[in-house]
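Me: I have a structure open and would like to learn how to read it. Can we take it one feature at a time?

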Amino acid sequence: KADRELVLEAVRQDGQALCFAADPLKADRELVLEAVRQHGEALQHAALPLQADSLLSPDAVAVNPFAVQGSQSSVCTVLELSAVDGRFRFRAALGLGGKELEGDLPHSTTLGDLGRHIRASALDQERCFYLVLPGSETPVSALDVEQPLADLV
């Protein structure tokens, strides 16, 4: 009930398990995101401030491409990310030495847009994945989907 890892695993199996979590865990944004990913109605069991969080609405969670830490998900590493002629160019690799892909996105692109583009291009069967940006060793947080790429380049 108060063990974050245990509750996280429980909501991955059934998002409604959030109702049994201790109150501090019902206020954990990543845990609630994972619960809503499994069952949209789980949001009703979240702490009141999170119930109004636009990133945690079932519609927003459904299009969020990023895995919550601790998930067994694929990794995509962005090898290059640059701004060229008002657009963003990227080159990324899936897994270790896996398939490479590259693309070109509008200047208004967010991390979530980049993730959705990669998922649609190369990860058709996966709901979510880890995205690692150039110069980082840790994946992007699932809660950073609205961060503009312009802030990172």
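Me: Which residues line the largest pocket?

Reply: First, some ground rules. This is a predicted model, where local features need pLDDT of at least 70 and side-chain atom pairs count only at pLDDT 80 or more, while totals for chains, interfaces and linings use all residues. Residues are numbered from 1 along each chain as its sequence is written, and side-chain values use heavy atoms, with hydrogens and water left out. Now the term. On a 1 Å grid over the protein atoms alone, a pocket is an open set of points where a 1.4 Å probe fits, with protein on both sides within 12 Å along at least five of seven lines; lining residues have an atom within 4 Å of a point. Here the lining is Glu9, Arg12, Glu34, Gln38, Gly70, Ser71, Gln72, Ser73, Glu126, Arg127 and Cys128. Two elements give two or more residues each: α1 (4-13) and α3 (29-38). Helices are DSSP runs of H or I with at least four residues, and strands are runs of E with at least two.

Me: How much space lies in the largest pocket?

Reply: About 170 Å³. That volume is the space filled by probe spheres set on the grid points.

Me: Which residues of α1 are buried?

Reply: Buried means under 20% relative accessible area, exposed over 50% (1.4 Å probe, protein chains only). In α1, Val7, Leu8, Val11 and Arg12 are buried. They lie on the same side of α1, because they cover an arc of only 140° around the axis. The arc uses the directions from the helix axis to the C-beta atoms. Glu5, Leu6 and Gln13 are exposed on the other side.

Me: What covers the buried residues of α1?

Reply: The cover includes α2 (23-26) and α3.

Me: Is Lys26 buried or exposed?

Reply: Lys26 sits in helix α2. Its relative accessibility is 16%, so Lys26 counts as buried. Contact means heavy atoms within 4.5 Å. Leaving out residues up to four places away in sequence, Lys26 touches Leu18, Cys19, Ala21, Val32, His45, Ala46, Ala47 and Leu50.

Me: What is the phi of Asp85?

Reply: Start with the general idea. Most residues other than glycine have a negative phi. Asp85 has a positive value, near 50°. Asp85 belongs to the loop between β1 (75-84) and β2 (87-94). With 76% relative accessibility, Asp85 counts as exposed.
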